[in-house]
Amino acid sequence: MFEVCTTIHTDGYDQYAKNNFKSFVDFWPNNITLHAFMEGPYDPIISHKIKYYDFFKEEPELKNFLERNQNRVWKPKEKLKSDKTNWKKFCFKSFAMYRASQIIKSDYLIWLDADIITTDKFQIDEMNRYIDPSKFCSYLNRDKHLKNNLGMRHLLSSETGFIIFNLKH
């Protein structure tokens with residue numbers, strides 16, 4: 001009923017993703033697979049719970065997209081955190097979500113950022129409280145606003161490290 005996907009660049013694997021994978025193996029149910037789209041060489045954690053993909057072989061359009069946009073620079077109207085302008089970093093996430101949705105044969109696809117560590121047994125029955133079957137996706141909402149130096153309120157961006165997609169929608 002559920003499958004999980006993520007993407008990792010080479011440096012990120014050693015910095016944080018390896019811990020994500022270990023915690024996935026330790027705490028997620030045995031019938032859920034993590035589909036990991038890897039951007040480079042890595043020393044895999046061997047488990048029936050993790051399936052690795054060479055991202056550029058699995059999704060050749062990603063490489064085309066990167067090459068086509070390599071000289072693109074986005075200049076925001078106001079100063080933003082650097083992550084918000086990093087299209088290259090976040091395009092991997094979009095391509096991984098799309099490709100995983102094409103590969104897996106599950107009702108739900110969970111996106112899990114590679115820097116998230118599971119610290120306790122993951123109770124899949126609890127997922128039902130986060131899912132509305134009439135909606136395409138569920139996410140962790142941030143309900144707060146911040147004021148900038150002009151007193152204008154800005155909605156904090158949504159937490160996109162954990163998203164559930166209803167693939168039967």
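This report describes a helix pair and a pocket in a predicted model.

## Basis

Residues are numbered from 1 along each chain as its sequence is written, and side-chain values use heavy atoms, with hydrogens and water left out. In this predicted model local features need pLDDT of at least 70 and side-chain atom pairs count only at pLDDT 80 or more, whereas totals for chains, interfaces and linings use all residues.

## Helices α3 and α4

The axes of helix α3 (residues 60-68) and helix α4 (residues 87-103) come within 11 Å and cross at roughly 160°, the axes being lines fitted to C-alpha atoms over the stretch in contact, with angles from 0 to 180 degrees between N-to-C directions; helices are DSSP runs (H or I, at least four residues), numbered from the N terminus. That angle makes α3 roughly antiparallel to α4 (over 145 degrees).

In the contact (heavy atoms within 4.5 Å), Glu61, Leu62, Phe65 and Leu66 of α3 meet Trp87, Lys88, Cys91, Phe92 and Phe95 of α4.

## A pocket

Phe122, Gln123, Glu126, Met127, Arg129, Tyr130, Leu140 and Phe162 line the second largest pocket, a pocket being an open set of points on a 1 Å grid over the protein atoms alone, where a 1.4 Å probe fits, with protein on both sides within 12 Å along at least five of seven lines, and lining residues having an atom within 4 Å of a point.

Terms used
Helix = DSSP H or I, 4+ residues; strand = E, 2+ residues; numbered from the N terminus. Parallel < 35°, antiparallel > 145°, perpendicular 65-115°, else oblique.
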